Structure formats: C-alpha cells, structure tokens
Amino acid sequence: MDLKSYAGIMLYGIGPNKKTISVLDRDLGKIDLLIKTGKRQSPSIRGGLMRYNLSKWHNIYIASDQELLAAPMELAGEDILFLHHVLELCHNFLPVNQPAREIFDLLLLLYTCPDTLKNCFIKKIFLAKFFNLVGIAHENINSYSSSFYFLISSPIDIMLDRECDEKIHGELTRWLLDCIIIHPRASQFNTIFFLKNMDRYEKK
C-alpha cells in the first residue's frame, strides 16, 4: 500500500472502542479513519490536530504513525462548549470525501489564534463563516440586511476585525439558528443549547 503523510483534525470517535475516528482532513475533507494502534502512536484527542500516514484498502482509509501536532487547549479549558459546538457542526454538516480546504484553514484559527475568538460576537462570526463556506442558503434571504451579507461574505480576517454591532449581532444569532434548523437531526445535536444561550454564558 502506498503511504502518504496527511494532516487532519479529529471530530469524533466512532464505535465503542473508538478505533475509527471522524476526521477533517486537510486535503480529503471529512473522512472516517481506521486507526492502527501501537506503542509509539500519539493518542487521538477530540479536536486534536494530527499528522498521520494514510493508506487505503478498498474504500477504507487506514491511519498509522499518527502524531498529535496541537490541541486547542485554551479553548478546551476556557470554552469547551464552543469547541464541541464547532466539531459537532463539522461532523454533521460536511459531506464525506469532499475536499474542504477552506473550512480546514478556518478551523486552524482555533490553534493559531485562540485569543482572536475572545467574545460572543466574534464566535458567531466564526460560525457564520463556517456556514457560508458550507454553502447553506436560506429561503428568507430578504429578511437580512445588505450589511450582514457583506460581512459574512468577507475574508475571515476582515470579519474578525469587525466591532460589535447590535443589529448585526442579532442577525447573526437568527441566521445561525436558521442554518442549524435546516439539518434533519438538528434537535439531536448535543450542543444546540449553547448557541441559543451563548450571550447568557458570556455575561457570567
């Protein structure tokens, strides 16, 4: 089997023994990986950025020699709900085996610029950019302002520099909930309550 080096972010463990994991791979998009265990293997950590050798047997991806490169420890320690919300959205909204490099690069901000995601408004902008990259569109697009659509269509660095605007903030909340409701299993999401109560959490 031809081995190649890849990088990915672990989204979920699958099955009782967690030997198969859901990964957002930098080049391949969301894939399921069968992990080959060994004494020198780094542990698979949910949200961890990993490097691994990848082979394919029929339609099964097999990872070996995996190495943990980084973990969003600051977010995991101070904002574990936001981190889990992001991972859950990736797991449920991204199609399997379709490249999603822009979304992978967006998630890298969790590791490279954790201080940037410092408040509720910026977190919602991050999530809005995710849904914009996924390509979700609403039937009630006319109920949102042109300023809102300009914001979510801007490059992420411009979006993250935006100062809090109460009108845009309200539109962000409504738009994110509209995006999630589209999913047929939205009511089963473990972290759906976080988005509905994000503002209240920040005030504590």
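N97 is partly exposed, with a relative accessible area of 46% (partly exposed lies between buried, under 20% relative accessible area, and exposed, over 50%, using a 1.4 Å probe and protein chains only). You will find N97 in the loop between α2 (80–93) and α3 (101–107); helices (H or I, at least four residues) and strands (E, at least two) are DSSP runs, numbered from the N terminus. Although N97 is not a glycine, its phi is positive, near 60°. Most residues other than glycine have a negative phi.

Before going further, a word on the model: it is predicted, so local features need pLDDT of at least 70 and side-chain atom pairs count only at pLDDT 80 or more, while totals for chains, interfaces and linings use all residues. Residues are numbered from 1 along each chain as its sequence is written, and side-chain values use heavy atoms, with hydrogens and water left out.

H58 also has a positive phi, about 55°, without being a glycine. Look for H58 in the loop between β4 (49–57) and β5 (60–70). With a relative accessibility of 62%, H58 counts as exposed.

Now step back to the whole protein. Its secondary structure comes to 10 helices and five strands, and 45% of its 204 residues are buried. Of the contacts (heavy atoms within 4.5 Å) with a separation of 6 or more, 65% are between residues 24 or more positions apart. The protein exposes about 10900 Å², of which carbon and sulfur atoms supply 52%; these areas come from the Shrake-Rupley method with a 1.4 Å probe, and for residues only the protein chains shown count as cover.

What holds the interior together in terms of nonpolar residues? The largest nonpolar core has 50 residues (a core is a set of buried Ala, Val, Leu, Ile, Met, Phe, Trp, Tyr and Cys residues joined through side-chain atoms within 4.5 Å). The residues with the most contacts inside this core are L107, L110, F126, L127, F130, F131 and W175. Helix α5 (residues 120–134) gives the core its largest share, nine residues.

From here, turn to helix α6 (residues 146–153), whose buried residues are F148, L151 and I152. Seen down the axis of α6, these buried residues fall within an arc of 90°, so they line one face of the helix; the arc is that of the directions from the helix axis to the C-beta atoms. The buried residues of α6 pack against α5, α7 (156–160) and α8 (166–181). On the face of α6 turned away from its buried side sit the exposed residues S146, F150 and S153.

Aromatic rings are the next stop. A pair of aromatic rings is described by the distance of the centres and the angle of the planes. Rings of Phe, Tyr and Trp (its six-membered ring) pair if their centres lie within 6.5 Å, with planes under 30 degrees apart counted as stacked, over 60 as edge-to-face and the rest as tilted. A search of the whole structure finds nine such pairs. F93 and F189 form an edge-to-face pair, 6.2 Å centre to centre with 75° between the planes. This pair links distant parts of the chain, 96 residues apart: F93 lies in helix α2 and F189 in the loop between α8 and α9 (192–196). Both partners are buried, F93 at 12% relative accessibility and F189 at 6%. Another edge-to-face pair joins F131 and W175, at 6.5 Å centre to centre and 85° between the planes. Here the link spans 44 residues, from F131 in helix α5 to W175 in helix α8. F131 is buried at 0% relative accessibility, and W175 is buried at 2%. Ring pairs also gather F93, F130, F131, Y144, F148, Y149, W175 and F189 into a cluster.

Let's finish at Y12, in strand β1 (residues 4–14). Which residues does Y12 touch, not counting those up to four places away in sequence? They are I21, S22, R46, L87, E88, H91 and N190. Y12 and S22 are 10 residues apart in sequence, and their C-alpha atoms are 5.1 Å apart in space. With R46, Y12 makes a side-chain polar contact of 3.2 Å; a polar contact is a pair of N or O atoms within 3.5 Å where, within protein, one must be able to donate a hydrogen and the other to accept it, and residues adjacent in sequence count only if both atoms are side-chain atoms.
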